[in-house]
Amino acid sequence: MPTLNMPDVGESVTEGTITRWLKGEGDAVQLDEPIVEIETEKVSVEVPSPFEGRLTRILVQEGEVAPVGAPLAEFDAEQKTESREQSDRPARPVVAAAAPLTAAAPIATNGASPVPATPEQPHRTRRYSPVVLQLASEHDIDLALVRGTGIEGRVTRQDVMRYIENPVAYTVPPSREAGVVGVSAPPASPPAPSAHAAAASTPAPDGDEVQPLSATRRTIAARMLDAHLTIPPAWMVVEADVSNLVRLREATKEGFQRTEGVPLTYLPFFVQAVVAALKQHPALNATYTDEGVRVHHACHIGVAVAVESGLIVPVVRDADRKSIAGLAHEIVDLGAKARDRKLSLDEVRGATFTLDNTGAFGSVISQPLIPPGQVAIMTTEAIRRELRVAEDGSFAARSVMNLCISFDHRALDGAQAGMFMRSVKEHLEAIRADQQVY
Amino acid sequence: MAETTYIDAIRDALLEEMERLPTMVVLGEDIQEGGVFRVTDGMLDRFGPGRVLDTPLAESSIVGVAIGMATNGCVPVAEMQFADFAFPAFNQIISEAAKWRYRSNNGWGCPIVVRAPSGGGIRGALYHSQSIEAMLAHVPGLKVVAPATPYDAKGLLKAAIRDPDPVIYLEQKRAYRLLKGEVPAEDFTVPIGEAALRREGDDLTVISYGMMAHECLAAADELAADGIRATVLDLRTLAPLDREAILDAAKRTGKVLIVHEDNLTGGIGGEVAAIIAEHAFDSLDAPIRRLAGLDVPSMPYSAVMEAYFMPSREKIAVAMRELAAY
Amino acid sequence: MVRAKEPRPQVSAAAKLHRLMYRDMLRSRELSDRMFALNRQGRAAFAVTGQGHEAAQVGSAYAIKRGVDWVLPYYRDVGVMIALGMSPHEILLGLFAKADDPSSGGRQMPCHWSWPEARVVTRSSVIAANLPHAAGIAYASKLRGLKEVSIAYFGEGATSEGDFHEAVNFAAIHKLPVVFFCENNGYAISESQEKQMSVLHVADRAKGYDIDGQTVDGNDIVAVHQTAQWSIEECRRGRGPKLIEAKTYRLVPHTSSDDDRRYRTRAELDEWIKRDPIDRFRRRLLEEGTLSEDDDREWRADAKREVAEAVVSAEQAPDPAPEDALRHVFGTQERG
């Protein structure tokens, strides 16, 4: 049913008052016949009918006010004039024509010609805006580590701000950094809510579920593949008899917990043994580059920690300068921070050697992937109570464990690795059940 | 506090100042019957034809006579019926008023106000829709304001009337009856040269003025629903620009979109962009963008062409999204 | 037969006035000549002077109530300024763009007059733009009930500008106390009058606005003075604006940048030199006994000396500081 709407009679007029209906309900109306008188702030006008037919219903009475575009009366009519005058008058005078947004009305910005929808722009990963450079300089950030969410992967100001607050979450680690360790156990990566917030998995027709890859997962996948493809690994297993270590720990762990407030695990002992061995065999504490093998002076040991979303490898810096107690505290601290996602940038960077306590899962043998930037990674497998034949031929129940090492065969040979492992074994086996923990 | 329309706020400012200043005169064409927009409604009866003056149809002398009145102790508020018709008066505004104090080495001042309804979107076509602020903001010696709200309309007009120098007061004609807002009854001014931070957000900054400030806020609302948070700065004064506010707003996000209805080239947006580029370079995270009226001789009468010319909340939202994603 | 004594010089009010006016004509001429010469010597970048206009300028200025009436002279009106009391030193400070130039502190070109103490209103180089100002000032005088008159000076070329018509129209509508004083010297730079207007006399335009228009011999200082005085007082009585056309002649080029040989003949110039208003007044005053030859010689020497001293003092006066260019774009106090 066509309606007569309040006409727009002039600039800045937004409403009008019906002063007099010249036709009543049920009246026949000719085209262009004056039908109603309205008054606005600027003018009083008679409105000629845009329809020919019958006025069926008056919607706004004399004396009432209606905004421009509001319906005033209904007709039973043939629209003789195309009510263009009516329809291109939106109720809100703000927009003169409601053209669809997208293609129809290209936006003139920075020039009269519209901006093309997909501009050809160079890949932006290495193009940094002034503010990004400024922030990087102020906070001593390696921008290559920062994940970019801008177009074409550009690192934005907000990306840097997020990275400063939570570097673990917003890192795209380059080949040198050990933020992620790949083991046959489920690998993981610094979690961030958005990074892990993969879109909901979609069910496939056969009942399978497709879990879309989160950004973190993609990153891990890329790094793992990179490590796998570029580092030629070799692998070795050594068995150590840690019976005395076990006895030592059993005897001292309660007192330690009471005094130190943190549990005494085997990890501090493992780290000490590794560090001692690295001092003797520094070639294992190195980074392989095309320009040469950089043997590190410091011993920063990455200690893998299992968190609910996977594995994180915080770094115990200068592990060679720490006592058992010191290592115990630090490992517990780092573990807690890792679980709470509060690790700082320094706490996940710069490992020179990595230790993964796969034994915690009950594993007896593992074949870890070498973290890019290091030449070796060692696992400590589960301690098992097994029968062994002693020197004198008798059987004894011993606590034994496997130590597995993967090493970069570009930088190291089996002999070097073997000697290192023998040192680790010797250090562990030299622990006496009655020695001082401190 | 009462809700007042933009036009009523202007009228109230004029009435209150006319009461306060016995030598204030409003002059222009059709002023006595209220003016073509009814801004000066009722003033003749209250203040008489000496102070509410209908001038001949001669823009140059409307301003020239106002300058003379100001020289001899009056407080003149001259009206150009439309900003589009101010050009014959540009000689008086630019060669005379703007330079009056400077050329006389502070021997004389020129405290005039020139009011003009400005801007389009009202089917006014080429000669009832223009924006003239860029041409005038370019002239040292002039102050140029473009209030976007009823509150600012009243406060800035009072400030203009009280200012010792020539102030060009560009009323947004589309706002007259369209915009309502809270306006205090008691006397207040809005300082000339001070922008208004309308909204805060860390994702991008939008700088605008006049009716477009409202369009920017509407676009910002839409984007907020999608988690994109914008800072919106309403310049209010175009000369002198509030550099501090501009730079603060730009530095906060590093991404700036400037929006105005005036033609793009040579518009205020270019000046704002240059200020930011020069003084906030290290804070920039994206190239500075401008969204403005097309570079054609003002907006045509046809509704579809007028809409094509004008920036709008829809177009602004698209530009804002692009910038936020950059 | 009683032999009449040598008549003592008359010291009537009129004579006093004439003597004062004559002295100022001499001073004005001397200053005009010197300013031009300084430019030709390369010591002044620009000069615009009033040789030939002295009667029109000095005569009319003497009818102004200094400090009450508002004066809007144009760049040629050195004679008006001298008559109002601006010293050659002060005028030359403007010529040399010195810091203490009262008109503009060296910001404007020379002879762009501004002098608040004498109500001489600042003006630009834009011809006729100040005529609406005169009308506005007069409107304010009327609105405020003040018995002031505005007098605006301009050449005949200015009467082609829209602002002239708008100003006269406005003043006529409201019967404002404005005297529009046209120094018609027949040339607007190079353009002779018939290129500028179709009317024979600028004063004829007055009819178009229904105001009083009078043409006066601009080289007859007494006639000018009387006409100006009548017009100003009529204005003061609220009788509406007046248009005075003083017909005169410019004996020098438009400014130091103009070469008048390109548009007028030496013969024409010589004709008008013969009608030099200073010589004419001198003859009259000598005849009337108001002036003696001694007076004349003495006053001419005085004028020469005064101007010469002023050249020295003004040229040596300090220049503005370069940073002064930044000052006074805006004022600081709120008004009202």
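Residues are numbered from 1 along each chain as its sequence is written, and chains are lettered from A, with ligands numbered from 1, in the order in which they are written. Because the model is predicted, local features need pLDDT of at least 70 and side-chain atom pairs count only at pLDDT 80 or more, whereas totals for chains, interfaces and linings use all residues.

In chain A, nine helices and 21 strands were assigned, helices (H or I, at least four residues) and strands (E, at least two) being DSSP runs numbered from the N terminus. Of its 438 residues, 36% count as buried; a residue is buried if 20 or more other C-beta atoms lie within 10 Å of its own, exposed if 12 or fewer, and partly exposed in between, with C-beta atoms placed from the backbone. Among the contacts in chain A with a separation of 6 or more, 61% join residues 24 or more positions apart, a contact being a pair of residues whose C-beta atoms, placed from the backbone, lie within 7 Å.

The mean pLDDT of chain A (the predictor's confidence in each residue, from 0 to 100) is 80, and 78% of its residues reach 70 or more. Over residues 81-122 of chain A, however, pLDDT stays under 50, and the model has 60 contacts beyond four places in sequence for this stretch. Residues 174-199 of chain A also have pLDDT below 50, with 89 contacts in the model beyond near neighbours in sequence.

The loop between strand S6 (51-58) and strand S7 (65-67) of chain A contains A:Gly63, which counts as exposed because it has 9 C-beta neighbours inside 10 Å. When residues up to four places away in sequence are not counted, A:Gly63 touches A:Thr17 and A:Ile18.

The largest nonpolar core has 277 residues, of which A:Val271, A:Val274, A:Ile301, A:Val303, A:Ala376, B:Met320 and C:Ala135 touch the most other members; such a core is a set of buried Ala, Val, Leu, Ile, Met, Phe, Trp, Tyr and Cys residues joined through C-beta atoms within 7 Å. Helix H7 (residues 267-280) of chain A gives the most to this core, with nine residues. Apart from neighbours within four places in sequence, A:Val274 is in contact with A:Ile301, A:Phe353, A:Leu355, A:Met378 and A:Val424.

Chain B is divided into domain 1 (2-183) and domain 2 (196-325), with bounds that come from an automatic or database domain assignment. The centres of these two domains of chain B, taken over C-alpha atoms, are separated by 26 Å, and 24 residues of domain 1 are in contact with 24 residues of domain 2. Helix H6 (133-137), strand S6 (143-145) and helix H7 (150-162) of chain B are the elements that give two or more residues to the domain 1 side. Helix H3 (residues 59-71) of chain B has 13 residues, and 13 of the 13 are buried, so H3(B) is largely enclosed by the rest of the structure.

The contact between chains B and C takes 41 residues from chain B and 38 residues from chain C. On the chain C side, the elements giving two or more residues are helix H5 (131-143) and helix H6 (162-173), and H5(C) provides the largest share, 10 residues.

Definitions and conventions: Two residues are in contact if their C-beta atoms, placed from the backbone, lie within 7 Å. The expected span of a helix is 1.5 Å times one less than its number of residues.
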